[in-house]
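Subject: Structure for you to look at

Hello,

Here is the structure for you to open beside this email. My notes on it follow below.

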Amino acid sequence: MTPPVRAQQVQLRCDGTLLEARGSAEKKRTIDVLKVSLALSAEAATADGALGELQRRLAVVRQALQRLQVMELAVSSPSSWERPASPKRPAAVEANLQVSGELAPAQLQALVREVGALPGVRLNPVSPRADQAGDAAVRRQLLRLAYQDALLQARQLAEAIGLGMPTPLEVQIDGGFRPMLAKGMMADSAPPPFEAGELPPPMDRLDMQVRFCAR
């Protein structure tokens, strides 16, 4: 019988002083597409009525999104629930679903005005996304910048305590892509136009922790 394999741990050896530094780097990216999503709802006295109205509204929304050339269009399965009566509203059945896709930045204004104004639509914040073809090059750049940041900190610390040039022992990468969302893109937004150029750009961020040895 083969004995069980035991986990092995690499012991880092430092014949001097162990220093730790956390480096980070960020890079703004150009917006390539906008990830968009919306909630669609309808209500009626019965479940059949609510789902039927939801289906009719979905057809209108789908046509509007197709005119805007929305890509990767996806529609969730519908759900419904019975809303009890309240002093302000009678009892009813509410039905809803989610729609998502990708939109060219130039179509943001049309999305808000044309789709956001349709019955039962509530637009969610859009999420700018960069061109994925450049991800590898950006990651290499962030790795280099984050390490240089950590190395500079280690050199300054070593100098402050009277040590020589630190040498790297271990590098741990802690972070990757960090999405940033635009806010306020709802159907009841103010009259001024919505400009994609005013959205927070996609941001890539990378964090790493580096251990150095200095003597």
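**Strand S5 and its partners**

Within S5, Ala74 has Ser100 as its bridge partner. This is a predicted model, in which local features need pLDDT of at least 70, side-chain atom pairs count only at pLDDT 80 or more, and totals for chains, interfaces and linings use all residues. Residues are numbered from 1 along each chain as its sequence is written, and side-chain values use heavy atoms, with hydrogens and water left out.

Helices (H or I, at least four residues) and strands (E, at least two) are DSSP runs numbered from the N terminus. Two strands pair if DSSP finds at least two bridges between them. Strand S3 (residues 71–75) is antiparallel to S5, with three bridges. Strand S4 (residues 79–83) is also joined to S5 in the antiparallel sense, by five bridges, and Ser79 has Asn96 as its partner in S5. S2 and S5 run antiparallel and are joined by eleven bridges.

How much of S5 is buried? Buried means under 20% relative accessible area, exposed over 50%, and partly exposed in between (1.4 Å probe, protein chains only). Nine of the twelve residues of S5 are buried, so the strand is largely enclosed by the rest of the structure.

**Glu94**

Glu94 sits in strand S5 (residues 92–103). Is Glu94 buried or exposed? Its relative accessibility is 18%, so Glu94 counts as buried. Its side chain makes a polar contact with the side chain of Arg83, at 2.8 Å. A polar contact is a pair of N or O atoms within 3.5 Å; within protein, one must be able to donate a hydrogen and the other to accept it, and residues adjacent in sequence count only if both atoms are side-chain atoms. Leaving out residues up to four places away in sequence, Glu94 is in contact (heavy atoms within 4.5 Å) with residues including Ala42, Ser79, Trp81 and Arg83.

**Helix H2**

Which residues of helix H2 (residues 108–115) are buried? Leu108, Ala110, Leu111, Val112 and Val115 are. Their cover includes strand S2 (31–44), helix H1 (47–67), S5 and strand S6 (121–123).

Rings of Phe, Tyr and Trp (its six-membered ring) pair if their centres lie within 6.5 Å; planes under 30 degrees apart count as stacked, over 60 as edge-to-face and the rest as tilted. The count by this rule is one aromatic pair. Tyr147 and Phe212 form a tilted pair, 6.3 Å centre to centre with 40° between the planes. Tyr147 lies in helix H3 (residues 135–160) and Phe212 in strand S10 (residues 203–214), so the pair ties together parts that are 65 residues apart in sequence. Tyr147 is partly exposed at 21% relative accessible area, whereas Phe212 is buried at 0%.

Phe212 is also in contact with Thr167, as are Arg211 and Cys213, leaving aside neighbours of Thr167 within four places in sequence. Thr167 belongs to strand S8 (residues 167–173) and is partly exposed, at 42% relative accessibility. Between Thr167 and Arg211 there are 8.5 Å in space, C-alpha to C-alpha, and they are 44 residues apart in sequence.

**The whole chain**

The protein has three helices and ten strands, in the order β-β-α-β-β-β-α-β-β-α-β-β-β along the sequence. Of its 215 residues, 32% count as buried.

Regards
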